[in-house]
Amino acid sequence: HILNGDNHQVYLNGALIDETSQLVVQADNIRTPATNRINKYIPKRIKLVLKEIAHNRKLKQLYKRIRASKISYDIILEFYTINSNLGMRLAEDYSSKLYTVYDGPILEEYSFFNGTAPFFLKRLKSREKASLTMSESIVVYSNPMREYIEGITGKKGNVFIHQNVDFTRFDILKSSKIFTNSPLNICFIGSFLKWHQVELLVDVFNYYLTLNYDLNLYLVGDGMERQKIEEHVSQLSQELQDKIHFTGFLDGNELFKLKERMHIGVMP
């Protein structure tokens with residue numbers, strides 16, 4: 001939207017960005033009770049292969065739709081997803097520069113969630129490497145991700161770190177805390193996602209409580225898994241529940257005050 005106001009035309013998947021809110025997304029498939037019954041008997045591995053094939057087909061359809069618009073693009077910006085060679089193909093077609101936003105190790109994430117590597121792993125790796133190698137610039141969120149990308153492409157100098165966060169959240173407190181006989185306060189700040197395994201943190205905390213450590217656990221944030229984790233905590237004894245605190249999203253002075261009371265911070 002900012003670029004649009006500066007005499008540029010910005011398109012999202014072939015449509016002007018100001019018009020994308022008017023697009024109607026059709027459901028991929030509507031399942032009936034009969035298809036649900038059949039689906040139960042299809043092995044998981046076959047389902048995953050079929051999903052990979054369907055995803056590849058969608059990428060091809062999107063490529064054809066963008067090319068059919070007859071619009072010439074000066075710059076291609078791709079938020080990279082698994083199996084995509086879309087940005088690379090469009091950049092080649094229009095002789096444009098390709099910029100890529102890479103959010104995380106996509107193939108590792110796939111294996112984590114599905115319990116197996118993709119069936120078309122060789123093709124996916126090849127497309128990922130080709131897209132990243134062709135990119136003029138690549139945006140990641142951390143130094144480890146920059147090293148990860150550089151390991152794939154063998155190139156340095158074109159991977160940049162950018163985080164859409166308020167860096168004051170990471171201010172270091174100047175004074176050291178004194179460990180006394182009072183409870184040791186442990187704090188997680190982040191998103192409640194499967195990938196972050198907050199439930200595992202709760203179980204480890206519970207284990208140390210059984211060893212008679214005097215602890216409190218503060219879980220700061222929100223996310224898709226929060227309700228599930230709250231239900232998990234509700235199965236514990238009341239004494240343990242009283243030591244686990246869900247604060248919701250905190251920022252600014254509220255977050256700073258909580259950090260002043262923390263002894264140990266836990267990353268996802």
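The chat below walks through the fold of one predicted protein model.

User: Before we start, what kind of model is this?
Analyst: This is a predicted model, where local features need pLDDT of at least 70, side-chain atom pairs count only at pLDDT 80 or more, and totals for chains, interfaces and linings use all residues. Residues are numbered from 1 along each chain as its sequence is written, and side-chain values use heavy atoms, with hydrogens and water left out.

User: Ok, how many helices and strands does the protein have?
Analyst: The protein has 10 helices and 10 strands, where helices (H or I, at least four residues) and strands (E, at least two) are DSSP runs numbered from the N terminus.

User: And how much of it is buried?
Analyst: Of its 268 residues, 31% count as buried, and here buried means under 20% relative accessible area, exposed means over 50%, and partly exposed is in between, with a 1.4 Å probe and protein chains only.

User: Which strands make up the open sheet?
Analyst: The open sheet has four strands in the order E3-E4-E5-E6, with parallel pairing, and two strands are said to pair if DSSP finds at least two bridges between them. At the edges are strand E3 (75–79) and strand E6 (159–161), each of which pairs on one side only.

User: What actually holds paired strands together?
Analyst: Strands of a sheet pair through backbone hydrogen bonds, either parallel or antiparallel.

User: Let me pick a residue: is Ser137 buried or exposed?
Analyst: Ser137 counts as buried because its relative accessibility is 15%. This residue lies in strand E5, residues 137–140, and, not counting residues up to four places away in sequence, Ser137 touches Leu98, Tyr99, Thr100, Asn158 and Phe160, with contact meaning heavy atoms within 4.5 Å.

User: Which helix lies across E5 and E6?
Analyst: That is helix H6 (residues 143–153), which runs at about 170° to E6; axes are lines fitted to C-alpha atoms, for helices over the stretch in contact, and angles run from 0 to 180 degrees between N-to-C directions.

User: Switching to H3, what do its buried residues pack against?
Analyst: The buried residues of H3 pack against helix H2 (44–68), E3, E4 and helix H5 (121–134). H3 spans residues 86–94, and its buried residues include Leu86, Met88 and Tyr94. After H3 comes Ser95, whose phi is positive, near 50°.

User: Now the largest nonpolar core, which residues touch the most other members?
Analyst: They are Val202, Phe205, Leu217, Leu219 and Ile244, out of 16 residues, where a nonpolar core is a set of buried Ala, Val, Leu, Ile, Met, Phe, Trp, Tyr and Cys residues joined through side-chain atoms within 4.5 Å. Strand E7 (184–191), H7, E8 and H8 each supply at least two residues of this core, and its largest share, five residues, comes from H7.

User: Last one: which residues of H8 are buried?
Analyst: In helix H8 (residues 226–234), the buried residues are Arg226, Ile229 and Val233. They cover an arc of only 65° around the axis, which puts them on the same side of H8; the arc is that of the directions from the helix axis to the C-beta atoms. Their cover includes helix H7 (198–210), strand E8 (215–222), helix H9 (238–241) and strand E9 (244–248).
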